[in-house]
There are 2 protein chains.
Amino acid sequence: MRRGLDCERSRMSDERPKRGRPRSRASRDAILGTVRRRLLADGYQRLTMEAVAEEAGVSKATIYRWWTTKGELVLEAAEAEISIGPVPETGDPRSDVEATIDQVIDTFSRPLASIVIFAAITTGGDDPVMARSFRDRYVHPWRASGAAALGRALPDGGESGVQFLLDVIFGTVFQRLLVLREPNTHGLTERLLAVVLPAVDASH
Amino acid sequence: MRRGLDCERSRMSDERPKRGRPRSRASRDAILGTVRRRLLADGYQRLTMEAVAEEAGVSKATIYRWWTTKGELVLEAAEAEISIGPVPETGDPRSDVEATIDQVIDTFSRPLASIVIFAAITTGGDDPVMARSFRDRYVHPWRASGAAALGRALPDGGESGVQFLLDVIFGTVFQRLLVLREPNTHGLTERLLAVVLPAVDASH
DNA sequence: TAATATAGAAACGATGCGTTTCGAAATGGT
DNA sequence: ACCATTTCGAAACGCATCGTTTCTATATTA
């Protein structure tokens with residue numbers, strides 16, 4: 001039976017309650033550190049809450065006290081490694097598009113981030129909260145910023161054309177780095193730039 | 001303990017043993033039909049062997065007798081809906097590239113095929129046999145054929161450039177139809193053609 | 001008829017889930 | 001100092017599913 005009017009706030013950054021035993025930062029760090037280790041060693045699917053609790057020297061109840069699902073837990077564990085989001089406007093539209101592409105390539109090249117993002121994208125139906133959280137925090141801001149950059153680089157691209165090009169960028173990088181697990185060689189950025197901005201770069 | 005020198009062949013198309021009770025086609029059809037129904041209703045992850053056995057009126061032992069993993073089972077259940085593979089050479093390179101693209105779009109637009117393919121691609125580390133089987137049966141022939149078509153359409157494309165363009169096609173369609181689950185609108189084929197064959201179509 | 005192979009029923013131990021209960025520890029308010 | 005509050009760790013719960021095993025019955029061919 002649910003407690004209902006228990007304390008509902010749970011994120012670390014929230015305000016602390018005025019009284020009572022404070023949250024153990026040692027336990028939190030042990031949990032997130034264990035999650036990172038196990039993710040890198042075994043991957044997302046083989047990560048179990050039981051194993052995290054045991055290796056971190058913590059009880060399962062403590063984990064579920066602060067993270068209600070495995071998805072929340074791993075998203076927070078990888079937070080610092082995910083650098084997908086808005087890109088600044090520099091004045092050079094081509095550079096902005098390049099930065100948009102490089103954000104995805106850089107993040108997808110980090111082992112921990114790639115494991116977590118792959119899980120967030122591919123467990124869509126099974127953990128909708130994780131998928132939505134990932135989209136809202138990272139993908140949507142990236143798309144908005146990238147759409148603006150592409151709009152500046154391709155003034156007559158059209159809105160649906162810009163959305164399509166964002167799918168080309170994200171889908172191609174996802175395919176090469178996360179599905180095929182190919183290293184980032186052969187100038188992926190340059191090739192993608194040439195594909196999405198065909199006529200802009202006539203400098204060679 | 002494993003039996004070892006038991007009969008190892010298991011696919012329906014293999015030769016039947018000379019003596020003994022023949023395999024029940026009714027059970028096979030009931031199993032595969034149930035798998036298709038449950039996949040469409042609940043998805044791949046929520047499909048359990050126990051539920052299939054119960055709904056098909058069959059014992060679990062019978063299922064595991066013929067399919068050793070869930071991946072094998074669903075790949076066979078969706079076999080008829082997956083039409084990714086070689087495309088014929090028509091003499092018009094642009095048409096061949098278009099056919100290469102349309103194969104992926106058509107297959108990914110079918111509900112059952114899209115569920116199974118999404119599972120095969122995204123459970124890579126957890127069911128390596130399923131992933132490898134899908135790649136060997138469908139993806140590799142498609143890539144070989146598509147690379148040839150792209151090579152004819154882009155004589156100076158270069159091998160790595162052709163592989164990159166195959167990743168653009170597959171990754172973009174995967175992103176739009178399987179990850180974002182957007183319907184196939186806005187002329188996906190035409191847009192992809194324009195992106196991978198920029199200068200060929202100067203007919204407008 | 002004998003040998004062979006499949007089918008179904010039922011149970012096994014193992015694993016992980018999410019939850020609950022309990023007692024101990026650590027803080028702030030009074 | 002004492003109490004209310006909150007977290008922590010340990011342990012156990014019922015549940016689901018896994019892959020396997022055992023047993024008996026059935027179907028087919030040599």
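Q: Before we dig in, what kind of model is it?
A: It's a predicted model.

Q: OK, the interface. How many residues of chain A are in contact with chain B?
A: On chain A there are 28 residues in contact, and they meet 28 residues of chain B.

Q: And what's the area buried between chain A and chain B?
A: About 2,400 Å², with carbon and sulfur atoms giving 60% of that.

Q: Which three residues supply more of the area that chain A buries than any other three?
A: A:Phe164, A:Asp167 and A:Arg191, which together supply 23% of what chain A buries against chain B.

Q: How many salt bridges are there across the interface of chain A and chain B?
A: There are 2. One of them joins A:Asp167 to B:Arg176, and their closest N and O atoms are 2.6 Å apart.

Q: Which elements of chain A give two or more residues to the side that touches chain B?
A: Helix 6 (111-122), helix 8 (159-179) and helix 9 (188-196). Helix 8 of chain A has the largest share, at 14 residues.

Q: Switching to rings. How many aromatic pairs are there over all chains?
A: The count comes to 9. Take A:Phe134 and A:Tyr138: their ring centres are 5.7 Å apart and the planes make 45°, which is a tilted pair.

Q: Where do A:Phe134 and A:Tyr138 sit in chain A?
A: They're both in helix 7 (residues 128-153), and because they are 4 residues apart, about one helical turn separates them.

Q: Is A:Phe134 buried or exposed, and what about A:Tyr138?
A: Buried, both A:Phe134 and A:Tyr138.

Q: Now chain B. Why is the pair of B:Phe108 and B:Phe170 edge-to-face?
A: Because the planes are at 85°, with the ring centres 5.5 Å apart, and anything over 60 degrees goes in that class.

Q: Which parts of chain B does that pair tie together?
A: B:Phe108 is in helix 5 (residues 93-108) and B:Phe170 is in helix 8 (residues 159-179), so the pair links parts that are 62 residues apart in sequence.

Q: Buried or exposed, those two?
A: B:Phe108 is buried at 3% relative accessibility, and B:Phe170 is buried too, at 4%. The cut-off for buried is under 20%.

Q: Which residues do ring pairs link into a cluster?
A: A:Phe118, A:Phe174, B:Phe118 and B:Phe174, so that cluster has members from both chain A and chain B.

Q: Which charged ends sit over rings?
A: Two examples are in chain B. B:Arg65 has its charged end over the ring of B:Trp66, 4.6 Å from the centre, and B:Lys70 has its charged end over the ring of B:Tyr44, 4.3 Å from the centre.

Q: Last topic, where does A:Ser114 lie, and what does it touch?
A: A:Ser114 is in helix 6 of chain A. A:Ser114 is buried, at 11% relative accessible area. Leaving out residues up to four places away in sequence, A:Ser114 touches A:Thr107, A:Phe108 and A:Leu178.

Q: And the place of A:Thr123?
A: That's the loop between helix 6 and helix 7 of chain A. With a relative accessible area of 6%, A:Thr123 is buried. Again leaving out residues up to four places away, A:Thr123 touches A:Tyr44, A:Gln45 and A:Met130.

Terms used:
Residues numbered from 1 in each chain as written. Chains lettered and ligands numbered in written order. Predicted model: local features only at pLDDT ≥ 70, side-chain atom pairs only at ≥ 80, totals over all residues. Heavy atoms only, no water. Phe/Tyr/Trp six-rings, centres within 6.5 Å; stacked < 30°, edge-to-face > 60°. Buried < 20%, exposed > 50% of the residue type's maximum accessible area, 1.4 Å probe, protein only. Lys NZ or Arg CZ within 6 Å of the ring centre and 35° of its normal. Contact = heavy atoms within 4.5 Å. Buried area = accessible area lost by both parts, 1.4 Å probe. Salt bridge = Lys/Arg side-chain N within 4 Å of Asp/Glu carboxyl O.
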